[in-house]
Every structure is written in structure tokens, then in C-alpha cells.
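Q: Please take a close look at the strand pairing in this model. Then go on from there to the backbone geometry and the ligand site.

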Amino acid sequence: MSERLLEVNNMKTSFYTHVGEVQAVRGVSFNLNKGEALGIVGESGSGKSVTSMSVMGLLQYPGKVKDGNIIFKGEELTKKSQKEMMAIRGNEIAMIFQDPMTSLNPVYTIGNQIIEAIVRHQHVDKKEARVKAIDMLRTVGIPSPEKRVDNYPHEFSGGMRQRAMIAIALSCQPDLLIADEPTTALDVTIQAQILELIKELKDKMNTSVILITHDLGVVADVCSRVVVMYGGLIMEEGTAEQIFYDPSHPYTMGLMKSIPRMDTKEKQRLIPIPGTPPDLVKPPKGCPFAPRCPYTMKICLEQAPEYTYLTPEHRSACWLLHENAPKTEVDNGVRKEVIK
Ligand code: SF4
């Protein structure tokens with residue numbers, strides 16, 4: 001049986017601002033096994049990045065995890081002090097962000113930044129850490145790592161800087177790597193190389209990965225399971241296959257129509273989802289997707305849907321799947337009412 005690494009139960013995170021409580025994450029539950037890669041997908045404002053910052057203990061004032069549990073390797077993270085979380089970050093959980101320039105220090109060489117991470121977490125001397133740093137740069141595909149180790153971040157290209165960030169993140173062999181939009185700033189070819197690298201390292205080091213992205217296409221190749229978030233809630237969760245080939249939530253279907261597909265010869269138009277995400281200061285009492293959903297019914301506006309389990313690992317929060325809902329079927333990616 002797979003070993004459970006992370007369990008998030010009914011986690012709620014809010015930001016207490018002058019305009020009121022922004023309920024960014026409104027009760028999400030998911031888990032991750034050792035060596036597994038999970039994609040968290042959604043538009044900006046869906047709560048996906050706040051979810052990862054909450055797990056990392058990186059929320060800044062006025063943000064706060066106000067409810068729920070985050071259990072990592074059997075330990076409750078919400079009860080940990082800042083100091084304890086600092087020891088866990090970088091050592092057992094590491095994170096890479098969209099823009100490596102904001103995380104890399106421009107006045108230190110790439111090597112020094114990797115060496116510092118290794119010395120801090122692995123308690124080896126600087127000489128040994130330098131050997132490990134060069135080795136790590138080689139692992140992430142930096143050419144001539146013996147020379148490149150002494151370069152400054154501005155001497156690296158965007159793709160190489162992201163590789164260097166991955167080297168820093170993985171230099172302490174964390175159990176969990178959280179990658180938040182790691183390829184958004186990169187061109188498509190480099191994007192594919194970085195995703196391939198994350199996949200390779202995951203398999204080689206048995207590191208679990210949470211990949212956070214607004215682009216369903218990005219998770220397709222790396223993740224075996226996908227969580228789709230909207231309005232601070234999980235709308236649908238399933239294996240990558242279920243989400244890509246048998247989506248059941250209108251929001252997931254909308255996301256699918258907005259990414260290019262390689263498995264069809266037909267010319268396709270990419271259709272963005274019209275409308276804007278809900279105001280999370282005053283979240284709707286019904287389904288958060290209702291104002292943008294093409295199938296909204298009266299009940300959708302009045303009551304939030306419970307999860308329907310289509311299989312033990314495929315769940316979806318949509319009234320259309322309820323046993324009393326009008327019967328529908330998916331035709332060419334569009335859910336239609338079946339008229340008998
Ligand atoms: Fe659309 Fe209603 Fe389903 Fe929400 S619950 S996604 S509004 S059909």
C-alpha cells in the first residue's frame with residue numbers, strides 16, 4: 001500500500017483585510033502519497049496558491065489558516081511554530097515559484113546559494129557542500145556545472161535560473177516539492193524541458209510533487225491525480241485520465257476547452273470561460289460557478305452542491321450529478337440534457 005505523506009482536511013484560509021474577511025480557501029481536503037504527483041489547477045483567485053502557501057506555513061499577515069488540519073508525515077503542521085516550520089521548509093518540503101529572480105539573491109553566486117541551503121540543512125562543511133552543489137547542477141542539466149557554479153543569477157537564462165531553483169529546492173532531498181506555476185514565465189520549449197526535469201527527478205528521488213498551475217495542459221504529463229479548484233473550493237478531483245477524458249464538472253469542461261489538444265486532427269477554437277470569479281469577501285451560498293455555468297439551475301444558486309463520487313477516486317461538486325437532477329450526458333465535451 002502507498003505511504004501517505006500529506007493529508008489536508010477541511011482547511012480554511014482567510015485574509016483579514018480592511019474590506020472584510022477574504023475567504024480565499026473555504027474548506028479543502030486532499031491527500032498525497034509518497035512519490036506521487038498531484039496537480040492543483042484553477043484560474044487566478046481560485047485558492048490554489050493560497051492552499052500551497054498554507055501548507056508551507058508561508059502565509060503572511062493578514063492571512064491565516066483559520067480551520068482544518070494539515071498533516072505531514074503524521075505531524076500536524078498548523079500547530080508548529082515559525083521556527084519549527086523553517087526547519088521543515090527547505091529540508092522536508094521545498095517550493096519553487098514562477099519567477100526564480102524573486103527567489104534567487106542577485107548578489108550571491110548560484111553556487112553559494114545552493115551551498116548555503118546544503119550547509120544549513122545537511123550539516124556538511126562548505127567544501128563538501130560545493131561538491132554536492134556542482135553535482136546537483138549537473139543533475140538538473142546545467143552544462144559545465146564546475147564553471148557555472150560561480151556564475152551570478154543574471155548570467156543564467158530564464159530556463160537555467162529555474163533549473164538552478166530546482167537544484168536549490170532538491171539539494172536537501174525534500175519529501176515534498178511544491179511547484180507554483182514553475183513554467184509560466186518560460187517559452188514553450190523550455191517549459192517542456194522543465195516539466196520533464198521535474199518528472200525525472202520525482203521518479204529518481206521518489207519526491208512527491210504538488211504542481212500548481214492555471215493550465216490543465218501543464219499537469220497532463222507530470223501528474224497522476226488532479227484537483228480542480230474554483231472560488232476557494234475543490235470542484236472536481238480525479239486521476240489525470242478521469243479529469244482529461246471523463247470530466248464531470250462544467251468548470252473542468254470549461255478549462256478543457258481553453259487548452260489546445262494534440263489528440264484531434266480537427267481545427268479547434270480555444271474558448272475561454274466567460275465571466276469572472278466570485279467575490280470571496282461575500283462568497284455565494286450556492287455553487288460558486290453558478291454565474292458562469294451554462295447549466296445553472298435554481299438549486300445551484302441556493303445551496304452548495306455536495307460531492308458526488310463517480311468512482312472512489314473521482315468526485316465532483318455539481319448538482320447535475322445528483323440523483324434527482326435532470327438527466328444529462330456529455331456530448332463532445334459539452335454536457336447536455338437528455339430529452340426522452
Ligand atoms: Fe453549474 Fe449548478 Fe453544477 Fe454549479 S452545481 S457547476 S451551477 S450545474
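A: Strands β1 (residues 4-17) and β2 (residues 20-33) run antiparallel to each other and are paired over 10 bridges. Strands here are DSSP runs of E with at least two residues, helices are runs of H or I with at least four, and both are numbered from the N terminus. Two strands count as paired if DSSP finds at least two bridges between them. This is a predicted model, in which local features need pLDDT of at least 70 and side-chain atom pairs count only at pLDDT 80 or more, while totals for chains, interfaces and linings use all residues. Residues are numbered from 1 along each chain as its sequence is written, and side-chain values use heavy atoms, leaving out hydrogens and water.

With two residues between them, β1 and β2 form a hairpin. One of the bridges links Arg4 to its partner Asn33 in β2. In a regular strand, side chains alternate between the two faces of the sheet.

As for the backbone, most residues other than glycine have a negative phi, and most peptide bonds are trans. The bond joining Tyr61 and Pro62 is cis, with omega about 10°. Pro62 lies in the loop between α1 (48-56) and β4 (63-72). Glu181, not a glycine, has a positive phi of about 50°, and the loop between β7 (176-180) and α8 (188-205) contains Glu181. Asn206 also has a positive phi, near 60°, and belongs to the loop between α8 and β8 (208-213). Glu181 is buried because its relative accessibility is 9%, whereas Asn206, at 40%, is partly exposed. Buried means under 20% relative accessible area, exposed over 50%, and partly exposed in between, with a 1.4 Å probe and protein chains only.

Around the ligand are His249, Pro250, Cys287, Ala290, Cys293, Tyr295, Thr296, Cys300, Pro305, Cys318, Trp319 and Leu320; a residue is near the ligand if one of its heavy atoms lies within 4 Å of it. By class this shell has 10 nonpolar residues, two polar and no charged ones. Ala, Val, Leu, Ile, Met, Phe, Trp, Tyr, Cys and Pro count as nonpolar, Asp, Glu, Lys and Arg as charged, and the others, Gly among them, as polar.
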